[in-house]
Amino acid sequence: MSKRSSSKARKPNQQPSIEIPATYFVERVISTDKLTSGLPYQRPVEDKEVDRLVREWDERLFEPLAVSYRDGRYNVIDGQHRISAMRKLHGGREVMIRCKVYSGMTYEQEAELCYKLDKAKKRLSLSQSTNALAESGMDAETTEIRRLMETAGFTWALGQRHGGEYEVIATRAVINAYRSLGSAAFSRMFRLLGKTWEGDPRSVMGPVLSGMALFLNTYGEELGDNAFIKRLSPVDPDEIIRRGKLDFSTKNASLRYAKVILEKYNSARGGKKLTYRFNV
């Protein structure tokens with residue numbers, strides 16, 4: 001028997017069993033009604049972008065959609081806007097569309113690929129790219145920030161334009177606060193925010209977060225949590241934002257809002273007052 005032969009020959013048409021790596025893909029033409037989009041790691045579909053694609057549509061420039069076949073579904077990793085544009089070009093009907101279909105990917109790997117594809121095309125805002133990173137779990141800092149916020153009862157609602165109760169839509173202010181405070185003080189900040197203003201979305205807007213981070217960095221060791229909650233809870237977050245905007249004595253945005261927080265803390269009756277020690 002030759003070396004090519006085997007005593008255990010496969011049956012006709014029987015394919016060898018192979019393990020498909022996560023990077024394996026095939027190109028297929030799939031109906032858009034079979035594609036699942038709108039996953040949490042994706043940026044929202046924007047009508048303006050869809051309309052632009054419709055106006056500038058050129059089939060010769062069309063790239064296959066990036067799709068992951070997982071748990072019996074075709075999940076769109078990259079191409080939501082192209083799907084919407086093609087449907088619009090065909091009167092809202094479902095259409096057949098070329099896809100690069102990956103097999104064996106996890107949800108986290110899909111999110112990572114989405115992030116890398118959009119980053120390469122420079123299409124993501126900071127909020128959108130941070131959301132994709134958080135969903136992928138590939139970035140330790142982003143994962144830790146989200147975990148600490150959730151432990152304090154908040155949701156990091158990345159990519160949203162408006163937040164509800166206990167939802168934080170700020171991105172840069174959150175990241176900067178984490179980097180300046182460290183894990184323990186960052187957690188404390190969100191616990192204080194939650195207990196003081198009970199998840200009011202105005203209390204976790206970027207300006208308030210930047211001011212709170214500077215306030216805690218300056219006075220954290222001599223500040224009592226109960227005293228802060230008692231003194232600041234009667235204060236409307238809108239007043240902090242409004243007063244901070246009107247302070248033209250400094251160009252440092254964090255300092256503007258930290259000064260308002262300090263003033264409101266000291267204006268409460270009784271208790272120890274804090275001396276001005278901001279050094280920025």
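With a relative accessibility of 2%, C114 counts as buried, a word used here for residues under 20% relative accessible area, while exposed means over 50% and partly exposed in between, all with a 1.4 Å probe and protein chains only. The model is predicted, so local features need pLDDT of at least 70 and side-chain atom pairs count only at pLDDT 80 or more, whereas totals for chains, interfaces and linings use all residues. Residues are numbered from 1 along each chain as its sequence is written, and side-chain values use heavy atoms, with hydrogens and water left out.

The sulfur of C114 has its closest cysteine sulfur in C99, and because the two are 15 Å apart, they are too far from each other for a bond. A disulfide is taken to be a pair of cysteine sulfur atoms within 2.5 Å, and by this rule the count comes to 0 disulfides. C99 is accordingly in no disulfide, the nearest cysteine sulfur being that of C114, and C99 is itself buried, at a relative accessible area of 0%.

On the side of α1 the contact is made by E49, V50, D51, L53 and V54, and on the side of α2 by H81, R82, S84, A85, K88 and L89, where contact means heavy atoms within 4.5 Å.

R231, which has its place in helix α9, counts as buried at 11% relative accessibility. Leaving aside residues up to four places away in sequence, R231 touches K264, Y265, N266, A268, G270, G271 and K272. R231 and I261 are 30 residues apart in sequence, and their C-alpha atoms are 10.0 Å apart in space.

K264, one of the residues that R231 touches, lies in helix α11, which runs over residues 253–267. K264 is also buried, with a relative accessible area of 14%, and with residues up to four places away in sequence not counted, K264 touches R231, L232, V235, E239 and R243.

Two residues in loops remain to be described. Y166, found in the loop between β6 (155–156) and β7 (167–168), has a positive phi of about 60° although it is not a glycine, and at 28% relative accessibility Y166 counts as partly exposed. E198 is found in the loop between α7 and α8, and its phi is near 50°, a positive value in a residue other than glycine. With a relative accessible area of 58%, E198 is exposed.

Definitions and conventions. Helices (H or I, at least four residues) and strands (E, at least two) are DSSP runs, numbered from the N terminus.
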